[in-house]
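Thanks for coming. I will walk through one model this morning, going from the whole chain down to single residues.

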Amino acid sequence: MEHKVLGATGPKKVVKAGATEGKSARFYPADDVKVPKNSRKSKHNAPKIRASITPGTVLILLAGRFRGKRVVCLKALESGLLLVSGPFKVNGVPLRRVNQAYVIATSTSVDVSSVDVSSITDAYFARAKSSSDEGEEEFFAGEAKAAIVSDERKADQKKVDTALLKAIEGVPMLKQYLGARFSLSSSDKPHQMVF
């Protein structure tokens, strides 16, 4: 009959102790080591432009300051936004970027091959950084400054409008069509309309 001696290590415990000697000590840092999170900024892909929207297509704006106005699509920018113009002389819509979700594409189109908009990109519309950092008091005390349109913008608008108006005047009644606002009355059924 064998007697068990308390405190003595058995054969299994000796093997286990030998295996753990090679391991590193269990050290946990007091503060968590911060791992940078994955950023999606570099993986941004521009959305696909609808097949019905091509350069020269007449669009109806649905939101924003110029809602209800008809504009001409000039091109799709890299960001996925559309570059549109009224032209400014016809309906007061300047060169603008518009999200395709807020437009209705019509079946009417204009030949815009003569209009040069290669120099206009998303960077063209970037806002200038304000030089003075206003405090809270100055912000509320001062009157709202009117937006000043730069001479460069005015020159670009004039250049685009001149070429665009030539193309528009070649199509009968198109100038009046672009000048007219789009609206719906209570009896209209937009889902049955053909634009």
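**Overall picture**

Buried residues make up 27% of the 195 residues in the protein chain. Keep in mind throughout that this is a predicted model. The chain has five helices and five strands. Read from the N terminus, the order of elements is α-β-β-β-α-β-β-α-α-α. The accessible surface is about 15500 Å², and carbon and sulfur atoms hold 55% of that. As for contacts, take those with a sequence separation of 6 or more: 65% of them are between residues 24 or more positions apart.

**The cores**

Which residues have the most contacts inside the largest nonpolar core? They are Leu74, Leu83, Val115 and Ile120, in a core of 20 residues. Strand 2, residues 70–76, supplies at least two residues of this core, and so do helix 4, residues 151–169, and helix 5, residues 174–179. Helix 4 gives the most, with five residues.

Leaving aside neighbours within four places in sequence, Val115 is in contact with Leu74, Val160, Ala163 and Leu164. Of these, Val160, Ala163 and Leu164 are among the buried residues of helix 4.

There is also a second, separate core, this one of 12 residues, including Leu59, Cys73, Leu82 and Val103.

**Helix 4**

Back to helix 4 as an element. What do the buried residues of helix 4 pack against? The partners are strand 2, strand 3 at 82–85, helix 2 at 88–91, and helix 5.

**Thr106**

Thr106 lies in strand 5, residues 103–109. Is Thr106 buried or exposed? Its relative accessible area is 6%, and the cut-off for buried is under 20%, so Thr106 counts as buried. The side chain of Thr106 has two backbone atoms to report. One is the backbone oxygen of Val58, reached at 2.5 Å. The other is the backbone nitrogen of Thr108, at 3.4 Å. Not counting residues up to four places away in sequence, Thr106 touches Thr57, Val58, Ile60, Tyr177 and Phe195.

**Salt bridges**

On to charged pairs. How many salt bridges does a search of the whole structure find? The count is two.

One joins the side chains of Asp122 and Arg97, at 3.2 Å from N to O. This pair links distant parts of the chain: Asp122 sits in the loop between strand 5 and helix 3 (136–141), Arg97 sits in strand 4 (residues 96–98), and they are 25 residues apart. Arg97 has a relative accessibility of 32%, which lies between the cut-offs of 20% and 50%, so Arg97 is partly exposed.

Thr121 belongs to that loop between strand 5 and helix 3 as well. Thr121 is partly exposed, at 34%. Thr121 and Arg97 are 24 residues apart in sequence, with their C-alpha atoms 9.7 Å apart in space.

The other salt bridge is between Lys175 and Glu169, where the closest N and O atoms are 3.7 Å apart. Lys175 has a relative accessible area of 37% and is partly exposed. Glu169 is at 53%, and the cut-off for exposed is over 50%, so Glu169 counts as exposed.

**Backbone points**

Two backbone items to finish. Which residues does the cis peptide bond join? They are Gly86 and Pro87, with omega at about -5 degrees. Pro87 is in the loop between strand 3 and helix 2.

Met173 is in the loop between helix 4 and helix 5. Its relative accessibility is 60%, and Met173 counts as exposed.

Notes:
Residues are numbered from 1 along each chain as its sequence is written. This is a predicted model: local features need pLDDT of at least 70, side-chain atom pairs count only at pLDDT 80 or more; totals for chains, interfaces and linings use all residues. Side-chain values use heavy atoms; hydrogens and water are left out. Helices (H or I, at least four residues) and strands (E, at least two) are DSSP runs, numbered from the N terminus. Buried means under 20% relative accessible area, exposed over 50%, partly exposed in between (1.4 Å probe, protein chains only). A polar contact is a pair of N or O atoms within 3.5 Å; within protein, one must be able to donate a hydrogen and the other to accept it, and residues adjacent in sequence count only if both atoms are side-chain atoms. Contact means heavy atoms within 4.5 Å. A nonpolar core is a set of buried Ala, Val, Leu, Ile, Met, Phe, Trp, Tyr and Cys residues joined through side-chain atoms within 4.5 Å. A salt bridge is a side-chain nitrogen of Lys or Arg within 4 Å of a carboxyl oxygen of Asp or Glu. Accessible areas come from the Shrake-Rupley method with a 1.4 Å probe; for residues, only the protein chains shown count as cover.
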